[in-house]
Amino acid sequence: MAGFMKRLLPKRFRKQGVTIPVVRLHGAIMAGGSAFRPMLNISAVGSLLERAFADKEAPAVAIAINSPGGSPVQSRLIYQRIRDLAVEKNKRVLVFVEDVAASGGYMIALAGDEIIADPTSIVGSIGVVSGGFGFTELLEKVGIERRIYTAGENKVMLDPFQPEKEKDVAYLKSLQQEIHGVFTGMVKARRGHLLTDDAEIFSGLFWTGERARALGLVDGLGDMRGELKRRYGEKTELRLVSASRGLLGRRQPGVGLAAGIGSGLALSAVAGLAEAAEEKALWGRFGL
């Protein structure tokens with residue numbers, strides 16, 4: 001409300017100084033999510049980005065990223081929305097890495113015209129990973145017979161209850177190589193002129209912010225408040241663009257949890273546990 005009232009005042013009565021909209025992109029990148037467990041995806045952050053870039057007087061939009069990665073599709077969608085808005089609204093994009101911008105988190109960071117990290121941030125992990133479990137002996141041990149019927153010889157590819165097949169693994173790896181190629185192409189297109197000649201950049205390794213700067217993955221080291229005041233003056237103000245809240249004060253998720261009772265709630269709880277485990281594993285890779 002204060003920002004709206006400020007814009008109604010004639011410019012000569014406004015307090016001198018620049019206001020920079022700030023969008024925080026925090027968490028594992030996954031489709032779905034709920035009011036109880038929000039996820040980072042285009043549905044959740046699309047409207048925030050639109051509002052941030054709608055500020056006509058701001059010379060730039062600041063984006064804080066703290067993400068270990070996740071869905072390559074959602075990562076790329078968020079990246080593309082930022083770039084589209086930057087061009088459409090003629091805004092400079094400054095990305096600030098907090099604890100980590102790795103894998104899909106770094107893919108989103110590529111949308112920045114500049115990337116600034118803390119010296120101790122974790123940056124990189126330019127690669128693709130898939131994981132699962134094998135339960136080939138479990139059913140036999142507990143005395144369960146599994147029955148599955150398909151039309152199409154590959155419909156049960158990589159089934160965790162069947163022995164792993166070399167051709168299935170080879171096919172999965174070919175998909176990973178394609179996705180890795182897209183990721184690598186984005187890095188080269190956005191930062192190719194800054195990167196050092198180091199083959200390990202695209203190996204899936206990750207580094208501290210200081211080492212990432214030496215490799216050309218980030219442009220500088222610092223914090224958002226200090227950097228923005230240095231660039232735009234000591235009177236620069238940061239305006240956090242946050243999600244709207246519902247009647248009970250909870251932030252509205254990008255994609256709501258399906259309402260239901262009984263089995264619906266039970267399924268939601270199970271799905272939530274699976275998402276929590278996956279999210280914990282993503283953060284755990286970087287010691288967080």
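**View 1. Parallel pairing of strands β3 and β4 in a predicted model.** Strands β3 and β4 run parallel and are joined by four bridges, where strands are DSSP runs (E, at least two residues) and helices are DSSP runs (H or I, at least four residues), numbered from the N terminus. Two strands are taken to pair if DSSP finds at least two bridges between them. Within this pair, V95 stands opposite I115 in β4. The model is predicted, so that local features need pLDDT of at least 70 and side-chain atom pairs count only at pLDDT 80 or more, while totals for chains, interfaces and linings use all residues. Residues are numbered from 1 along each chain as its sequence is written, and side-chain values use heavy atoms, with hydrogens and water left out.

**View 2. The two faces of strand β4.** In a regular strand the side chains alternate between the two faces of the sheet. In β4 (residues 114–117), both faces are covered, with E114 and I116 buried on one side and I115 and A117 buried on the other. Buried means under 20% relative accessible area, exposed over 50%, and partly exposed in between, using a 1.4 Å probe and protein chains only.

**View 3. Strand β3 and its pairing with β2.** Strand β2 (residues 60–67) runs parallel to β3, and seven bridges join the two; here A60 stands opposite R92 in β3. Strand β3 is mostly covered, since eight of its 11 residues are buried.

View 4. S103 lies in the loop between β3 (92–102) and α4 (104–109). With a relative accessible area of 14%, S103 is buried. When neighbours within four places in sequence are left aside, S103 is in contact (heavy atoms within 4.5 Å) with P68, G69, G124, S125, G127 and F183.

**View 5. Packing of helices α2 and α3.** Helix α2 (residues 42–53) packs against helix α3 (residues 72–89) at an angle of about 15 degrees, and their axes are 10 Å apart; axes are lines fitted to C-alpha atoms, for helices over the stretch in contact, and angles run from 0 to 180 degrees between N-to-C directions. The helices α2 and α3 are therefore roughly parallel to each other, a term for angles under 35 degrees. The contact involves I42, V45, G46, L49, E50 and F53 of α2, together with Q74, L77, I78, R81, I82, L85, A86 and K89 of α3.

Conventions: Parallel < 35°, antiparallel > 145°, perpendicular 65-115°, else oblique.
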